[in-house]
Amino acid sequence: MRTCVGCRSRAPRSSLLRVVARDSQLVVDERARMPGRGAWLHPTSECLEKAIRRRAFGRALRVDGPLDTRPLENRLNG
C-alpha cells in the first residue's frame, strides 16, 4: 500500500504511478526501479493538480527549488 501525494488516499502500488525527480523534472518510473526517492500518484489529472497545488512533490522527493511537471502532465494527458 502506498499513499497518493495528490489526494492522500492509500492504494495498492499497482494502481499508482511512481514519480522521481531527474534533472529538476518529474519523470514517471514505469517499472518502479529507478534509484532515489519516489512519490506515488494516481494517474489522473485531478490528483496531479492537487499535488502541484499543495507542492507535495518537492516535500515527498526532498527536492529544493522548482520542479518541471510538463513531462508528467504530458504522460497523463497524452
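Here is a walk through this model, from its sheet to its core.

The model is predicted, so local features need pLDDT of at least 70 and side-chain atom pairs count only at pLDDT 80 or more, while totals for chains, interfaces and linings use all residues. Residues are numbered from 1 along each chain as its sequence is written, and side-chain values use heavy atoms, leaving out hydrogens and water.

Let's start with strands β3 (residues 17–22) and β4 (residues 25–29), which pair in the antiparallel sense over five bridges. (Strands are DSSP runs of E, at least two residues, and helices are runs of H or I, at least four, numbered from the N terminus; two strands pair if DSSP finds at least two bridges between them.) Ala21, for instance, has Leu26 in β4 as its bridge partner. The two strands make a hairpin with two residues between them, and Asp23 in the turn has a positive phi of about 50 degrees.

Three bridges join β3 to β5, and Leu17 stands opposite Leu41 in β5.

What about the core? A nonpolar core is a set of buried Ala, Val, Leu, Ile, Met, Phe, Trp, Tyr and Cys residues joined through side-chain atoms within 4.5 Å, where buried means under 20% relative accessible area (1.4 Å probe, protein chains only). The largest one has 22 residues, and Val5, Leu26, Leu41, Phe57, Leu61 and Leu72 touch the most other members. Helix α2 gives the most to this core, with four residues.

Technical notes:
Buried < 20%, exposed > 50% of the residue type's maximum accessible area, 1.4 Å probe, protein only.
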